[in-house]
Amino acid sequence: MRAVAIVVSCAGLALTVVPSFYVMTGCLSWVAHVQMMFAGMILWFVSAPFWIKKD
Amino acid sequence: MSAEETSKLAERLDALYEFDREPVTGDKLHGVWSFLGMYAGEHVAGTEFIIGPLFVVHGVTASDLFLGLIVGNLLAVLSWAFVCAPIAVKTRLTLYWHLRSICGPYLTYLYSIVNALGFCMLAGSMISVAATAVGLPFNMPMPALSDRYPNSISWVLVVFFVGAVVTTLAILGFEKISRFSKVCVPWMVLVFVAAGIAVLPQLGCTSLGDFWRVAQEKIWSGTVVPGQTKFTFWHVVFFAWFCNLAMHIGMSDITILRYAKKWQYGFTSAAGMYLGHFIAWIASGILCAAAMGSVSPGPIAYMGAGAAGAICVVIAGWTTANPTLYRSGLALQVATPNWKRWKVTLVAGIVTTSAACFPALVMKFLDFVALYGLVLMPMGGVIFADYWLFPRFGLVSNHAEKFKTLFSIPAAVAWIGSLAVVFWLPMEIFFKGLPAWFITVILYTLLSAVEQKRRREKEAVS
């Protein structure tokens, strides 16, 4: 379960940051970029609390 | 004030901090990863959305910014590692109990009140930051760089809404929010980076190879916005070094670093400095330039990252404001006998929210941060002198504790005196911290030597 959560979190972080490089090079539209960032945010927040240590 | 009243005040003050009166025991020490996470979390906050843009409007050049941040952040890390951490791991006491043993309960109380007011202003700026994002869907007019007073009714309403939420959550307790903020940190760092990169094409940068040229010509071009002062390399160095002056040289962080296994854990502050005070400041500066000089955090984050950016601003402001407000309530509680914690936090929340209505708090944020650190820092000089210099000069350390003094006059004179001298010095506030530290250490050592000599003479006569 923890491993799955970590994989989902990493996918969320990747969706947050990777599309911006494609926007910079003109390979991706701004709208697609912000939609991916939003999806990345949801993936991060539904998975990260399961594996990030509380203290 | 009668003797009975004074002892009651001291008892109330002690009761607040009773739970961490003893030095931390060996089984409660934390590993290096805890400190890396803590510092990264603490220094990637809503304030980063303000500071980066303010460097742009103050006309910093690209080379001054990058070199200045590298040097200034390095000095900050060294201050944590060599000034704060060694005392923290040797005494393993909170700042409160350490100061109390040196200065007595009353001066410590005064320090707590000043600290609480600073916390209120800091939390207020965070509420303002969050309000700029919350107001986006309502087309709220954003405060401009030159605004000092509330610019619209909708701004005041949104600030009060955000302030009410933050205060309510602070009353309910900040521990869960503190945990939530740790979860947010890795995501927030990447939102800063992504937002900054995504707006680069608007500035004419379509590959990483173009970045330095665009940075010099379009972002940190050295052009000062009218009405602002020009910032140089030295402004950047001293601001990056002293923006957390109260925490490293001012010793606030001995409360945190007392849990470290080794003093070298002070170097973990580099995580916060180079993620928050380097990458995040650069990213928010890029956003400001792409927004044609706008410094409102909500709109510039939305421009770079859409809804995720606006949510990041709200979370960054909210997670910083909550513990800050909670701490200010804790510090103020001693001044309000028989008041419950919730009532004190509510009053602190009202003060904080009222302050947040004034955009000056955000637009003059660099000056405020410098002032806040400068006012609290001298107590760090007092602790430094008491711990390192007194044994070498044959003076008694922890004087107040050993002689049951309620108010240390040498510490009070060193604190107020050093501030009076540096405020008189004709230099900008960002540079006053360094002379203030030396003046405090010298004044406190000399005055303590006189006081202790007199005490010895009096004891010899009696």
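Buried area is the accessible area (1.4 Å probe) that two parts lose on being put together, summed over both. This is a predicted model, in which local features need pLDDT of at least 70 and side-chain atom pairs count only at pLDDT 80 or more, while totals for chains, interfaces and linings use all residues. Residues are numbered from 1 along each chain as its sequence is written, chains are lettered from A in the order in which they are written, and side-chain values use heavy atoms, with hydrogens and water left out.

**View 1. The interface between chain A and chain B.** Chain A and chain B bury about 2100 Å² between them, with 79% of this area on carbon and sulfur atoms. On the side of chain A, A:Met24, A:Trp30 and A:Phe45 lose the most area to chain B, and together they make up 29% of what that side buries. The contact (heavy atoms within 4.5 Å) takes in 21 residues from chain A and 29 residues from chain B.

**View 2. The side of chain A that touches chain B.** By class, this side has 15 nonpolar, 4 polar and 2 charged residues, where Ala, Val, Leu, Ile, Met, Phe, Trp, Tyr, Cys and Pro count as nonpolar, Asp, Glu, Lys and Arg as charged, and the others, Gly among them, as polar.

**View 3. The surroundings of B:Ser284.** B:Ser284 is buried, with a relative accessible area of 0% (buried means under 20%, with a 1.4 Å probe and protein chains only). Its side chain reaches the backbone oxygen of B:Glu48 at 2.9 Å, and a polar atom of that side chain lies 3.2 Å from the backbone oxygen of B:Trp281.

Note on methods
Buried < 20%, exposed > 50% of the residue type's maximum accessible area, 1.4 Å probe, protein only. Polar contact = N/O pair within 3.5 Å; in protein donor to acceptor, adjacent residues only side chain to side chain.
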